[in-house]
Amino acid sequence: MNAFIIVDIQNDFCPGGALAVHDGDRIIPVINKLVLQFDTVVLTQDWHPDGHSSFASSHPGKQPYETIELSYGTQVLWPDHCVQGTSGADFHPDLEQQAGQLILRKGFRKGIDSYSAFYENDQTTVTGLSGYLKNRGVDTLYICGLATDFCVKWSALDGIKEGFSVYVVEDAVAGIDLNDSVAAAWKEMEAAGVQRIISTDIALKSALA
Ligand SMILES: [Zn+2]
């Protein structure tokens, strides 16, 4: 059974937001068209407390997009974004979010960032999504959203690690692209066995499933 995982379509990741992905909102109509084709729909929501360890502002002298060593490894520092309860953390108003059955919040532990929908950035703290999907008989994931090179990539890689077949919907993702990180992300995902698909090919695929 297939599930659609919609990653972080939030105001702060869209144009005008604190950590805007260039043209991030252009994928929303594509996602809205796809969402009704899936029996299981999960929305993830980046959801940070004030003073989160992934914010450059939490580390004196550090600027956004610099890196820092945290207990679990290297962490990119970001502008403050998706702070719990702010409008920046809300889903983009154009997103067809009513179809979402599970809203999975991540990044709410102050000391650990969470790009992936499955594991936090320490790669050991689980979100519980794998169990949720497996309990519902899901074996195949179609992933879309923001950003290709961070939360989408890590969710796709961890999906493979958890034993799912994983498709990333090429025209329903957009990236931040720090030093060609989008191209590197596609390479890494494909090497791990993630498949690329375009939205118009999904109806056919679902019909065959
Ligand atoms: Zn974040």
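This is a predicted model: local features need pLDDT of at least 70, side-chain atom pairs count only at pLDDT 80 or more; totals for chains, interfaces and linings use all residues.
The cut-off for buried is under 20%. Its partner in a salt bridge is lysine 134, and the closest N and O atoms of the two are 3.5 Å apart. Glutamate 162 sits in the loop between helix 3 (148-161) and strand 7 (165-174), while lysine 134 belongs to helix 2 (residues 129-135), so the pair ties together parts that are 28 residues apart in sequence. Lysine 134 has a relative accessibility of 42% and counts as partly exposed.

## A pair within helix 3

Aspartate 158 and lysine 161 also form a salt bridge, with 4.0 Å between the closest N and O atoms. Both residues lie in helix 3, and because they are three residues apart there, about one helical turn separates them. Aspartate 158 is buried at 2% relative accessibility, whereas lysine 161 is partly exposed at 47%.

## Other salt bridges

Lysine 62 and glutamate 66 meet through their side chains in a salt bridge, at 3.6 Å from N to O. Lysine 62 is partly exposed, with 30% relative accessibility. Glutamate 66 is partly exposed as well, with a relative accessible area of 31%.

A network of salt bridges links Asp8, Asp46 and Lys106. The count of salt bridges comes to nine. Side chains of opposite charge can pair when their charged atoms come close.

## Charges and surface

Of the 209 residues, 53% count as buried.

## Overall fold

The chain contains five helices and eight strands. Along the sequence, these elements follow the pattern β-α-β-β-β-β-α-β-α-β-α-β-α.

Taken along the principal axes, the C-alpha atoms fill a box of roughly 55 × 35 × 30 Å. Among contacts between residues at least 6 apart in sequence, 74% join residues at least 24 apart.

Key:
Residues are numbered from 1 along each chain as its sequence is written. Side-chain values use heavy atoms; hydrogens and water are left out. Buried means under 20% relative accessible area, exposed over 50%, partly exposed in between (1.4 Å probe, protein chains only). Helices (H or I, at least four residues) and strands (E, at least two) are DSSP runs, numbered from the N terminus. Contact means heavy atoms within 4.5 Å.
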